[in-house]
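Me: I would like a close look at a single part of this model. Please keep it brisk.

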Amino acid sequence: MKKCLSLLCCLILTHSANAQSLSSSSDVGAQHAATTSGGSTSHTVNLQGINQIQHVVFIIKENRSYDSYFGTFPGSDGATIGTMSTGQVIPLGHAPDQLPRDLPHGWFDMVTSMDGGKMDGFDLAPNVALKQGWFANAGDLLAYTQLTESDIPNYFAYARNFVLGDHMFSSLHGASFSNHLYTVAAQSAETFTLPAAPGNTSLSSWGCDTLATANVKTIDAGGNVSRKFPCVNVPTLADSLQNAGVSWKYYAPPQNTPGYIWSTLDAIDHIRNSSLWSTNVVPESQFVSDALNGNLPAVSWLVTGLFSEHPVQGSCSGENWTVQQINAIMQGPQWNSTAIFLTWDDSGGFYDHLPPTNLDIYGLGPRVPLLIISPFARAGYISHTQYEFSSVLKFIETVFNLPTLSDRDAQANDMTDSFDFTQQPLPPLVLSTRKCPLVSSAYANFGQQVVGTPSPPYTLALQNNGNTPMTLSGMTITGDFAETTACKSPLAVGAKCFIKVTFTPTATGARSGTLTVNDSDSTSPQTVSLSGMGSFVGMSTFSHAFPAFQVVNTTSPAATVTLTNNGTSSLAISSIQKIGDFAQTNTCGQSVPPQSSCTFSMTFTPKQTGSRYGAVAINSGDPASPHIVYLSGTGKAVTLSTTGLNFGTQTLGTAVVKKVTFTNHASTPMPIGAIELTGASDYTQTNNCGTSVGAGGQCVINITFQPSATGPRTGLLNVSDADFTAPQTVGLSGTGASASITFSATSLNFGLQPLSTSSVAQSVILTNNGTTAVTIQQVSASGNYGETDNCAGVTLQPSSTCTVNVVFTPASLAVIPGILTISDNATGSPQIVGLSGQGIRPVALSPANLSFGTVNVGSISASQTATLFNNLTTPITFSFSASGGYLASGSGSRPCGTTLAAKANCTIAVTFSPTTNGAVNGALTLTHGALLSPQVTSLTGTGANAATPPPFTFSPASFSFNGVVAGTTSGERNETVTNAGTSSVNISGIAASGNFTVTGSGTNPCGGPLAGGASCTVSVHFSPLVVATIQGAVTFTNDSAVNPQVLNLAGTGILPVKFTPASLTFPLQAVGTTSSVQIIALSNKLNAALTISAISASGAFAITPAGSNPCGTNVPALSQCTIGVVFNPSVRGAIPGLVTVSYGDAFSPQEVALTGTAQ
């Protein structure tokens, strides 16, 4: 409610003010009824009346404030005095026709000048005069000057006869580029500075034609600052006119001529780069002809270059150009239907006393002059209605029934209060151009200068504006001033020469003089009023710019400024005033002795970001007091941990990450806009910054460099935020390099290798065939393979080599695959070399089985041969025997004895002589000192046609031990032996073959006499040494007719660990992505816990916890756990791999083969 009441008060006051201005202005158009809503005034417009306007001409000149041109216009809201930053109120001086320099009028200059509506900072902004040895308004106070009617009489004539708008504001408190965009689009496309390019002090174009390196700063509604190329796509009034079929042209200087920067449609991409550019954007020189011949379109924009009135161009020549354009309209056939709006694009840094309304983040900016010239303009009317450039667009939209473009033109006053469509149309006011001053300025103010010392020169231009050569008859100068000149007589038509004037005061206080130039021109003599202030106070500088960015709320190093009293008496220091974000300490005290000096230490503590301007004003007893030192610096709230990242040389397809830390030093949260990368697409970023970073907080931006091409690769990180020094940038650089490793072999086959022995090494030579060095990070061999190398940790230069030596030490009797993995920074890393080999027995007995078929009891079979192989590199000592009804002896050309040389073989002959009917198992048992002793060849045969039945029966008739872990002993199996006869049989011996053992057991263990019908028992164990099915027997030696008698045995040896499935195949997988998990079940076949020391995957495969019971370091007896495997390829093609499980057993490690294909 309180807010509503305040708004209502504002409305009432605004309405009252408007009503008063209307009644106090010319009585023409008094019948217009005014109503006010907010800051916008709408009028009851006779549409039939406004339709009398069929042509609108919008003329935009450069860089003048309202007070600098019309501050002296009677009855208008003008000023002839101005307030300085020190609080001093001074009269506005007389401005020269041609200013000696431009005045600062950018965004920060305007913010400083307006000072939150106090309008007292126009002396603080920095100035190009600094480069010329002058100081920012310290002496001449050029910003506090204005022209009078005698200087611009024709502009005053238009104001007296038509409409003068004294509440016309620039749309944005900044310079030309953005304000010109408002004249066509009712917005600035978020821009707020002039376009600029690194290394270029000025640009000949500002839009789509500018340098590719150019950019313009932008600020969004949230305050986030960034940069973009000054070629934008926003809707414009030209688009609306085109869509509605309303004719239009933009008259402007052509490309590569002065003033092309103000050809604003060059900044509109869809116009500059379309046919409209050639059909509707035309040279300014065409305007007069089109106007005189009645060829003006419905809407015309008109800008110029040399006659724009932009300092240092003269007001007189600019006014003459304007008169010529308006005369052409008035003298042409379209005058009676035309409305002309003549304004200036920004205040140019000149003083203006009226605070602008704050419509949004962009403006309004300080006032600019406005003249409305039309047959239907209210004669002699001063409009106090608030206008801006969007108001002209609103008027055109009203005339031609067009839609609005933005909030600005939607809310703007439509300017119809300045028209009376019922009045008798005003006649043309054709004016004469006037002769411009020959000397660039009729006034020169030198500011304060130390008595007896010469000032820097003030340069005046003398130009012959006549039609004949001008004779120079002499120059005189009075007062404490002197001149030097290169001007020579006669001065050719149009020629210009220069006069340099210096000021050397002879006393303190105000000093004056006159420069007189006598010549043959009708206006002779030319005079220049000279003024300055003599002072005994000398300052070592009148300005200082703190060079580096200063973090907000921190204090800069001090800058020293020296004050010297050159007088003959003490200088009283009455006070020292600090202005802005600056402070000082000094050694001056309350007075400075004559011919003495003191120092000021000045510091900068910015309270806000961006350019900050201020001063230290020293008030003394000297007539030139105050002595002002103007200060500037740049505040910064955001810092990045670096301004440049060099990623070095990176192999194609590989990535490296570096981080940038963003720190907000402000005491409030810092909004974050876009975080973007430009340049090479090889750079990507992720961040945790969000939309803001808290007070004193940080966030991290991770930059990844993954080159896609060889050679230098550059980029730029842009961070948009609400710090006016934004965007924060980090230059990115790196080099893409092709790194290629080739191998002398892509696979190695080790063939047959005795268990637990190491093969001869095989070599793989790595060669760098790329263009850049390759770092070999790691070399590893899987499972039963080992390697030594001179590669790991080595950087291979192009064409260099290194060697990997691989050995095979099998841990199981099987074909064992393996992988040699080389990890490096080359393309396709990791590289893989396939390995294969088969573990064999150190000492082998072959074949594994001999079958003798059916042999009659009491006879001897034909012999069969078993071969003994010594696979070791050393001799062995051995013995052998056959069990049951089988006999073994050395035979053949290399009969086995008790020793066998390395890598040699011998043969054993085995015969079968059964003693009973039925199947008879036996074993040829070889005992030696190597691994897997004893070794067994299983023997089988069948006895037949026995005359005498065997004495014993067995229960059970045979034994089979299934699934006993190799290297362990089974549980016992008990066998009952019964004497089936009636007579006692003596059991003289009981023996088991191969991997079986037997002992008498129970209450009646076998051995010795066994009475007829009686029974005895034995216990049998199976202790397999290998993973295989093994036949065997227990032989009972006795005194019966059937001797010996055999109990058949069998058993199967298995590995301690079983994998299900035994191998994994992964489906097609995209490079750089991770597959779904596949699961391997690991079963512990031991009767004890299994301790796992490592589970690993090779190459492009990885282990991940998965399943209901993921494998850890301990697997309980006879239980199961699960292993998860994923496939994450980095190169295309078929990729092998292994899962290797290591544990504390002779058969460790065990492996599962993996395969996958990447695309």
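Which residues do ring pairs link into a cluster with Trp-344?

Reply: Ring pairs link Trp-344 with Tyr-66, Tyr-69, Phe-70, Phe-73, Tyr-155 and Phe-156. Rings of Phe, Tyr and Trp (its six-membered ring) pair if their centres lie within 6.5 Å; planes under 30 degrees apart count as stacked, over 60 as edge-to-face and the rest as tilted. This is a predicted model, where local features need pLDDT of at least 70, side-chain atom pairs count only at pLDDT 80 or more, and totals for chains, interfaces and linings use all residues. Residues are numbered from 1 along each chain as its sequence is written, and side-chain values use heavy atoms, without hydrogens and water.

By the ring rule there are 51 aromatic pairs. One joins Phe-341 and Phe-395: their centres are 5.1 Å apart and their planes at 65°, so the pair is edge-to-face. Phe-341 lies in strand β14 and Phe-395 in helix α12 (residues 389–400), so the pair ties together parts 54 residues apart in sequence. Helices (H or I, at least four residues) and strands (E, at least two) are DSSP runs, numbered from the N terminus. Phe-341 is buried, at 0% relative accessible area. Phe-395 is buried too, at 0%. Buried means under 20% relative accessible area, exposed over 50%, partly exposed in between (1.4 Å probe, protein chains only).

Strands pair if DSSP finds at least two bridges between them. Ile-340 has Ile-373 as its bridge partner in β15. Strand β8 (residues 163–165) also pairs with β15, antiparallel, over three bridges. There, Gly-165 stands opposite Leu-370. From β15 (residues 370–373), Leu-370 and Ile-372 point one way, Leu-371 and Ile-373 the other, and all are buried.
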